Amino acid sequence: MNWRASRTGLPLVEPMYWGSPDIDAAYHVPNEYMFGTELLAAPITEPMDKSSRRGKADVWLPQGDWFDFFTGRRYSASSPNGRRMTVWRPLDGIPVFAKAGGIVPMQPLSEGDSINSVDNPQHLEIIVFPGADGDFTLMEDSGHCSRQITPATTAITYRWRKDGATSALTVSPAQGDVHALPARRTWDFLFRGITDSDISVQADGASVDSDRRYDAETLTLQVTVADVSTRSEIRVTIGDTTMAADPRMEDVFDILRHAEMRYLTKEQAYAAIAENGIDALATMDSLEHVSGPDMEDCSDSHMPSAVRQALTEVLLRS
């Protein structure tokens with residue numbers, strides 16, 4: 001994205017109406033922006049709500065499926081006009097979304113003497129989001145200031161197949177000024193938002209060893225391939241690309257556990273949602289019982305508006 005900005009003048013940060021000038025909602029989210037081609041960010045710019053222990057941001061999602069970049073939760077915007085909603089995050093959370101088919105290269109934090117190195121990395125993470133085909137070209141150069149510099153380009157393609165069919169990610173051999181790259185690399189491929197699955201990995205058509213693990217908290221299947229030539233083609237095949245089930249009840253529990261509110265109301269809200277799912281939203285406003293002004297009893301109940309809104313986001317996100 002920095003290379004694109006320097007060569008084409010397209011900025012790293014773009015307002016939402018640039019990509020959707022004919023949709024009115026795109027003009028009403030002044031704090032939201034596209035961060036490059038793959039990510040949408042909506043910073044929280046107001047104080048945390050004390051009852052929910054979360055901050056909020058108003059978000060507009062263009063049509064399609066979007067994933068919380070950090071947690072893998074899926075948000076659907078089926079209308080051609082997209083979807084407006086309010087999202088709630090704890091202090092350690094940031095509303096960042098990746099589009100279906102998005103491919104985001106990341107560099108893991110280095111250690112020791114290499115932590116401040118400006119060399120092109122020997123270890124890369126490629127975070128992939130299901131739901132659509134994706135293409136991304138990674139561009140790396142030597143760092144010399146010259147418009148005649150030819151970057152090293154690495155094409156990354158993702159071909160997604162729904163309903164449990166086989167999907168594949170392909171990293172093509174580096175092209176261009178490959179002398180700017182390390183000779184060999186370790187790759188972490190993170191497929192976020194899918195179920196655990198069998199995988200196979202090939203380098204230049206031959207099977208290679210890999211390490212596979214699944215993080216249920218972020219719904220992420222991670223595949224690590226160590227010490228592969230940057231001039232090799234890597235192909236990761238996923239046997240079953242079923243979308244991960246939405247962990248609604250886990251997230252509902254987390255909201256209620258951290259909320260500053262009456263414990264009785266937490267129990268009642270959780271029980272209603274466990275029994276009725278989305279339909280329990282109609283129950284939330286009824287969880288109010290206040291004793292007379294001169295007394296308080298154990299049946300008193302109160303559902304803060306912010307907690308109700310945070311629960312609504314979870315129950316209606318997809």
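This is a predicted model: local features need pLDDT of at least 70, side-chain atom pairs count only at pLDDT 80 or more; totals for chains, interfaces and linings use all residues.
I began with Trp187, which counts as buried because its relative accessibility is 2%. My scale for this calls a residue buried under 20% relative accessible area, exposed over 50% and partly exposed in between, with a 1.4 Å probe and protein chains only. Residues are numbered from 1 along each chain as its sequence is written, and side-chain values use heavy atoms, with hydrogens and water left out.

**Entry: the whole chain**

I looked up the overall make-up and found six helices and 20 strands in the protein chain. Both are DSSP runs numbered from the N terminus: H or I of at least four residues for helices, E of at least two for strands. The C-alpha atoms fill a box of roughly 80 × 45 × 40 Å along the principal axes. Of the 318 residues, 43% are buried. I also checked contacts (heavy atoms within 4.5 Å). Among those between residues at least 6 apart in sequence, 66% join residues at least 24 apart.

**Entry: aromatic rings**

A pair of aromatic rings is described by the distance of the centres and the angle of the planes. I counted rings of Phe, Tyr and Trp (its six-membered ring) as paired if their centres lie within 6.5 Å, calling planes under 30 degrees apart stacked, over 60 edge-to-face and the rest tilted. That rule gives eight aromatic pairs. Trp187 and Phe189 make a stacked one, 5.9 Å centre to centre with 5° between the planes. For Phe253 and Tyr270 the ring centres are 6.1 Å apart and the planes stand at 80°, so I noted this pair as edge-to-face. It links distant parts of the chain, with Phe253 in helix 3 and Tyr270 in helix 4, 17 residues apart. Phe253 has a relative accessible area of 46%, so it is partly exposed, and Tyr270 is partly exposed at 33%.

I also found one aromatic cluster, formed by Phe67, Phe69, Phe70 and Phe129. Then I asked where the charged end of Arg7 sits. It lies over the ring of Trp3, 4.2 Å from the ring centre. For this I required NZ of Lys or CZ of Arg within 6 Å of the ring centre and within 35 degrees of the ring normal.

**Entry: salt bridges**

My cut-off was a side-chain nitrogen of Lys or Arg within 4 Å of a carboxyl oxygen of Asp or Glu. The count comes to 18 salt bridges. One of them joins Glu260 and Arg53 at 3.7 Å, N to O. Glu260 is in the loop between helix 3 and helix 4, Arg53 in the loop between strand 3 (39-41) and strand 4 (55-61), and the two are 207 residues apart. Arg53 is partly exposed at 33%.

Asp211 and Arg213 form another bridge, with 2.1 Å between the closest N and O atoms. Asp211 is partly exposed at 39% relative accessibility, as is Arg213 at 37%. For Asp246 and Arg248, the closest N and O atoms are 3.9 Å apart. I then followed the links onward: Arg73, Asp246, Arg248, Asp251 and Arg317 are linked in a network of salt bridges.

**Entry: Thr218**

I stopped at the loop between strand 18 (211-215) and strand 19 (220-229), where Thr218 lies. Buried or exposed? Thr218 counts as buried, because its relative accessibility is 15%. Its side chain makes a polar contact with the side chain of Asp215 at 2.9 Å, and another of 2.9 Å joins the side chains of Thr218 and Thr220. By polar contact I mean a pair of N or O atoms within 3.5 Å; within protein, one must be able to donate a hydrogen and the other to accept it, and residues adjacent in sequence count only if both atoms are side-chain atoms. Not counting residues up to four places away in sequence, Thr218 touches Phe70, Thr71, Gly72, Arg73, Arg192 and Gly193.

**Entry: helix 6**

Last, I traced helix 6 (residues 305-316), twelve residues that reach 16 Å from first C-alpha to last, close to the 16 Å expected at 1.5 Å a residue. The expected span is 1.5 Å times one less than the number of residues. Its buried residues are Ala306, Val307, Ala310, Leu311, Glu313, Val314 and Leu315. An α-helix has 3.6 residues a turn, so residues three or four places apart point the same way. What covers the buried residues of helix 6 includes strand 6 (74-77), strand 7 (83-89), helix 3 (248-258), helix 4 (263-276) and helix 5 (281-284).
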